[in-house]
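User: I have a structure open and would like to go through it. Can you help me read it?

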Amino acid sequence: MPEHLERPALYIDGAWVAPVKGGSADIVEAATGEVFGASALADTDDIDLAVAAARRALTGPWAGFGPAERAGVLEAFAAGLTARRKEIATLVSRENGMPISLSQVVSGIAPGFITGYYARLAAGMVAEDVRPSPTGGETLVVRQPVGVVAAITPWNYPQPLAVMKLAPALAAGCTVVLKPPPETALDAFVFAEVAAEAGLPPGVLNVVPGGREAGAHLVEHPGVDKVAFTGSTGAGRAIGETTGRLLRPATLELGGKSVSLVADDADLDLFAARLLEVSLPNNGQTCHAATRILAPRSRYDEVVAAVTDTVAALRVGDPLDRETQVGPLVSAAQQQRVLEYVALGRSEARLTTGGGRPDRPGWFVEPTVFADVDNRARIAQEEIFGPVLCVTPYDDEDQAIAIANDSDFGLGGVVWTSDADRGLALARRIESGTVGVNHYELHVNAPFGGIKASGVGRELGPEGLEPYLVTKSIYRR
Ligand code: NAD
C-alpha cells in the first residue's frame, strides 16, 4: 500500500501556505475505512486570502495574456494532467470508491481532454466584433472575462467536475478560487502543481479544500464575480438564494433522478449490457444515473428479470481491482444514508436482489433492485446516490412519458428502442437537460446540465464557456 499522503498546505497566490487556523482533514480510504492521508483545510480566513489573490491576479500579468497565450497555457495544463493520469485515477478511487476502470477514464483521461478542448476554443475565440449601427456609427462588442470565479465541487467526480469549471474560466481569462470538498481534497492539489508548471501566473488558480462553511463564505465574498457550483440540490438552493440576493451570476449543476425508459421494442440484451454504465456508474454516486427504470407492462417480468439478474451478477469489490464493477460508497455517512433508503424501499416496494451490506470493511452497500415501485414512492422521487434501482411498470407510451416527467429533477435520461425515430421522439418528450438513446454518454462539445431541481446553466461545449465571459458594447461614431 502506498505511503501516507500528507498535504499540509493550501495553494494560494502561487505559493503553498499553511491554513491560518491550522485546519486539516483526514482522508479516508473508502474501501477500508482507514485513514490514508491528511489535507490542509481552508477556513474563512484562508478563503479571504485566496479571493484577494485571485482579484490581484485579474489585473496582473494574466490580463496581458491574449486568447492565443491562454490557449498555450491550457495546452500545457492539459498535458500536465494527462501525464499524471494514473496517479490521479488511483487517488480518486481510494478517496471515493470509484472503480479504477471508470476512474482511469473520467479522472485520468477526461480532465486533459476537456482542458484541451477549451484550449482550442480559446485559440479560436473572437474577442471583439464590430456591428454597424442602423442609425449611423457602429458598436464595438467586446467580450471580457467575468472576473473572479468561485468554483465549488463535489466528491463524486472531483476531477472532471473541477475541470469543467477551471478550463472555460481560464480560457476566458478569469481567475479562480477552487474549493473542493474535504473527502477528495488530495487529488485537487494536482491542479495547483500542474498550473504552476504550465506557467499560470500566481493567484490565477487557488486551491483551497474546505467544508460547507468555507464554501458559503466564498459564495458571498464581495471579491467574487461568478459562482460555478456542482453538488446537491439543497446546497444549490442555498447558494442560489445568496447569489440571487447579490445579483451574482451562478451556474448550478445539481442532483438528479433520471429515467431509463424501456420501450416495448427494446433490445433487452443491449439494455442489460449497458445497465451498469447507464444506471449504476460510480457505484450509483452519479448525478445523471438513470435509476428509475420504466418497463412496459407487456414485457414487465422480462425487464425485472433482466435488471435483477444483471445487478445480482455485478462484481462488488476493491475499487483498485480492474475487475471490480461496483466499489464502496464515499463515506460512512453516505453508506448509512443509502441503507436507510434501502430499509424504506422494503416498505414501499418489492426487493428483488441486494438490500444488505457486504460483510467486509469499507463503505459498501449491495447493489439493490426494487420492483413494483410506485413513482410517487420516496425511493422513486428522492436522489439516493447509491447502488439502488427502481423498476416501475407502465401501460402505454403516454403514461411512460407522464411518469418520466413526474419528477422534481430533470438532468439525464435514456430511451431504449429498436426504432431510431421512435427513440428520438421519446427523447424529445422527456423533460430533461440531456437524454441518451440506447446509451448515455457526455460529450465534451455538447452542453451538459439540468432543468427543474437539477440546476441552472450548462457546462461543456461552447455553451460552457459563455458564463465566464461578459460583453461590453462600445457605441461609437
Ligand atoms: P454537497 O452539496 O453536499 O457538496 C458539494 C460541494 O458544495 C462541496 O464542496 C461542499 O463543501 C459545498 N457546499 C455544501 N453546502 C454549501 C453551501 N451552503 N454553500 C457553499 N458550498 C457548499 O454535495 P455532495 O454530497 O458533495 O455531492 C453529491 C451531490 O452532487 C448529489 O446531489 C449529486 O447529484 C450532485 N452532483 C451533481 C452533478 C451535476 O452535474 N448536476 C454532478 C455531480 C454531482
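This is a predicted model: local features need pLDDT of at least 70, side-chain atom pairs count only at pLDDT 80 or more; totals for chains, interfaces and linings use all residues.

User: Sheet then. In what order do the 3 strands come?

Analyst: The order is β1-β5-β4, in an open sheet with mixed pairing. β1 (5-7) and β4 (24-28) are at the edges with a single partner strand each, so one side of each has no neighbour in the sheet. From one strand to the next, the twist averages 20 degrees.

User: How many bridges join β4 to β5, and which way do they run?

Analyst: There are 5 bridges between β4 and β5 (residues 35-40), and the two run antiparallel. Isoleucine 27, for instance, has glycine 37 in β5 as its bridge partner.

User: Which helix packs on the sheet?

Analyst: Helix α6 (residues 185-198) does, and it touches β1, β4 and β5. The direction of α6 makes about 50 degrees with that of β5.

User: New topic. How many cavities of 30 Å³ or more are there?

Analyst: The count is 5.

User: What lines the largest cavity?

Analyst: Its lining includes Gly256, Lys257, Thr286, Glu383 and Phe385. By class, that lining has 5 nonpolar, 4 polar and 2 charged residues.

User: And which residues line the second largest cavity?

Analyst: Among them are Lys257, Ser258, Arg292, Phe409 and Glu431. The lining of the second largest cavity divides into 4 nonpolar, 5 polar and 3 charged residues.

Terms used. Residues are numbered from 1 along each chain as its sequence is written. Side-chain values use heavy atoms; hydrogens and water are left out. Two strands pair if DSSP finds at least two bridges between them. Helices (H or I, at least four residues) and strands (E, at least two) are DSSP runs, numbered from the N terminus. Axes are lines fitted to C-alpha atoms, for helices over the stretch in contact, and angles run from 0 to 180 degrees between N-to-C directions. Contact means heavy atoms within 4.5 Å. On a 1 Å grid over the protein atoms alone, a cavity is a set of points where a 1.4 Å probe fits but cannot get out, and a pocket is an open set with protein on both sides within 12 Å along at least five of seven lines; lining residues have an atom within 4 Å of a point. Grid points are joined across faces, edges and corners, and a volume is the space filled by probe spheres set on the points. Ala, Val, Leu, Ile, Met, Phe, Trp, Tyr, Cys and Pro count as nonpolar, Asp, Glu, Lys and Arg as charged, and the others, Gly among them, as polar.
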